[in-house]
Amino acid sequence: MIVIMKAKAEEEDIHRVVDTIESLGLRTQLNLGAERVVVAVIGDISKIGEDNFFRIRAMKGVENTIFVSKPYKLVSKDFKKEQTVIDVEGVKIGGKKLVVFAGPCSVENREQIMEVAEKIKKAGASMIRGGAFKPRTSPKDFQGLGEEGLKLLYEAKEETGLPIVTEIMDARDVQLLSEYADILQVGTRNMQNYTLLKELGKCDKPVLLKRGMWATMAEFLGAAEYIMNGGNENVILCERGIRTFSDYSRNTLDLSIIPAIKDESHLPIISDPSHGTGKRSLVLPMSKASVACGADGLLIETHPDPDRAISDADQTISLSAFSKLMEDVKQIAKAVGREL
Amino acid sequence: MIVIMKMGADESQVQETIKRIKDLGFNTHLSKGENRTVIGVIGDVSSIDESDVERLRATPYIEQVVRVSKPYKLVSRDFNQENTIIDVEGVEIGGKKIVVMAGPCTVENKEQIVSIAKEVKSSGATILRGGAFKPRTAPKDFQGLGEEGLKFLLAAKEETGLPICTEVMDTRDVKLVAKYADILQVGTRNMQNYALLKELGKCDKPVLLKRGMWATLKEFLSAAEYILAGGNDKVMLCERGIRTFSDFTRNTLDLSIVPVLKAESHLPVIVDPSHGTGRRDIVKPMALAAIACGADGVTVEAHTDPQKAISDADQTISTADLHGLMGEIKYISRMFGREI
């Protein structure tokens, strides 16, 4: 950590900062510049913690404090060089072969989920996704079928063999969902729901962690660190678009984070062009772009009759469009040395 | 255009609004809902002045005024179904071929630009880019070589046959830059420099218009409309990243705009992954992603010795890497039935 003093900082301001840091069991090194003093902190910086970091920043005479080391460790490539490959019922995530999780936004009824499962299986999808517990913006909107939805997903799995990805919203539901699901998804709104992340750290199911629509890369990786810190190493990251001023799409799909995360972390990262764009017509081109820049897979919303989908109709593609998408993505995968 | 009255607006206020719209030369269609009244404006709304719209919107009993028709016409696909193909000294942009523009951020000296141009040429890229007039954040930063830089670019063109793309920042320089350059580039900071756009509308050189880092899709297309409205229909649109909270990249490359621009406009679309990411290490994956989602080409910053580049060193790839990139672009282009 580095503490940058103000140009006008007084001698005693500097002493107070140095004393504070040393009282935490760390050493300091003063760097006297022409205009200002910079205090370098030496030792195990993890002793400092966020609270002390901000306390020091607020001290008299301090201009800024900067963390040089990263706020995460277990998720980082510095810690583990080899790419993490997660095996979910035989589906390998993070390897040469791409994964595609597909299905409706919400599980609506048996007929719907069965038809989706059969068709996506035929098209080559690796897992079925579908929401039973739904985070909806308005409390009056359909909140999902709950356990009933999980049972329907399970039936679809028995029929097709496709493992299940579904969202978890409440720390109290971890056990219930684990009975049915193969991957527990943390939605964008819960990326920093730390009680939930801690609970997932203790569970033995892989977690699909979506990027908060407000989250920087360090915050995203910090959230994944929570889960790994609890002992669960099977975390899959997912870029799903961030909030920007740009208004032609629902979110701005920040695809550059895919190669950036590949560089920084050993965890698999997939892309969700459905939420990332919010537009049916953009799902195919952005799926191709995701794979072209190195994503380990895709998360796609598809429905037998998108116009009648109970939620996310505007970004859900038809099952026939999904089959075509799989064909096209296969070509791109080949071009970048991957398989589908 | 639709005028939405506030809840509780009374009959006389509705009638007053209708009268104001009729005075502007339009017909109205009244729709009375349970809670509020909506007035549809019928006629060629494109002729309505923005200030009249603002005046209506500012009326205390009017809730909102929504323009249904688009603020641009000439750039739109409704106006011209066919893709615009621009011929730049024999290089076709917007057709089947993918164009790659490459070169340094700044023209530094004759030897530098000629040696880079030779590398660009042998890599298979088709246009040489390089800045002679530079928009730099700090006035103390190197501002470019000016006309001398243009002469060096021309020398590089004579040596290699590569057409030149370079930035113009001042209305007074349009004629001068047009004497040397084959494509005039409008940088992100000047996307809404309307005096410059109008001047470019009168000139006969193709224009590469970069998206303002703050610009919505509509604002971007409207800026292009300015140039077309002046009589110059050779405009290329360039996505170069927008300003967001995300800080792992210099900008957030908004690739989803590529398929949207292709659907909305007939103009060629180019992507700049160098500025879009600001990171040398992810220029290649993002260039490939750009082609995968339908871009007509890319512009990349390349230098024989990026470490020594006078500006943008952190996002400039080596000419050796450019050769590698060209190979991969060629391969992925073929997957889409396109070629270099």
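Tutor: Start with a definition. Axes are lines fitted to C-alpha atoms, and angles run from 0 to 180 degrees between N-to-C directions. One caution: this is a predicted model.

Student: How do I read a pair of packed helices?

Tutor: Two packed helices are described by the angle between their axes and the distance between the axes. Take helix α10 (residues 280-292) and helix α11 (residues 319-335) of chain A. They pack at an angle of about 25 degrees, with their axes 9 Å apart.

Student: Are α10(A) and α11(A) roughly parallel or roughly antiparallel to each other?

Tutor: Angles under 35 degrees count as roughly parallel. α10(A) and α11(A) are therefore roughly parallel to each other. Their crossing is right-handed.

Student: Which residues of α10(A) and α11(A) meet?

Tutor: First the general idea. An α-helix has 3.6 residues a turn, so residues three or four places apart point the same way. Now the case here. α10(A) brings A:Leu284, A:Ser287, A:Lys288, A:Val291 and A:Ala292. Facing them in α11(A) are A:Leu325, A:Asp328, A:Val329, A:Ile332 and A:Ala333. By class, this contact has seven nonpolar, one polar and two charged residues.

Student: Which residues of α7(A) are buried?

Tutor: A:Phe220, A:Leu221, A:Ala223, A:Ala224, A:Glu225, A:Tyr226, A:Ile227 and A:Met228 are buried. The buried residues of α7(A) pack against α6 (194-201), β11 (207-210), β12 (235-239) and α8 (257-264) of chain A.

Student: What comes just after α7(A)?

Tutor: Look at A:Gly231. Its phi is positive, about 115 degrees.

Student: How do I read the interface between the chains?

Tutor: The size of an interface is often given as the accessible area lost when the parts come together. 33 residues of chain A are in contact with 32 residues of chain B. On the chain A side, α8, α10 and α11 each supply at least two residues. α10(A) gives the most, with seven residues. By class, the chain A side divides into 19 nonpolar, ten polar and four charged residues.

Student: And how do I sum up a whole chain?

Tutor: Take chain B. It has eleven helices and 15 strands. Its C-alpha trace spans about 75 × 45 × 40 Å along its principal axes. Of its 340 residues, 47% count as buried. Then look at contacts between residues at least 6 apart in sequence: in chain B, 65% of them join residues at least 24 apart.

Technical notes:
Residues numbered from 1 in each chain as written. Chains lettered and ligands numbered in written order. Predicted model: local features only at pLDDT ≥ 70, side-chain atom pairs only at ≥ 80, totals over all residues. Buried ≥ 20, exposed ≤ 12 C-beta atoms within 10 Å, placed from the backbone. Helix = DSSP H or I, 4+ residues; strand = E, 2+ residues; numbered from the N terminus. Contact = placed C-beta atoms within 7 Å. Parallel < 35°, antiparallel > 145°, perpendicular 65-115°, else oblique. Left-handed = near helix turned anticlockwise from the far one by under 90°. Nonpolar A, V, L, I, M, F, W, Y, C, P; charged D, E, K, R; others polar.
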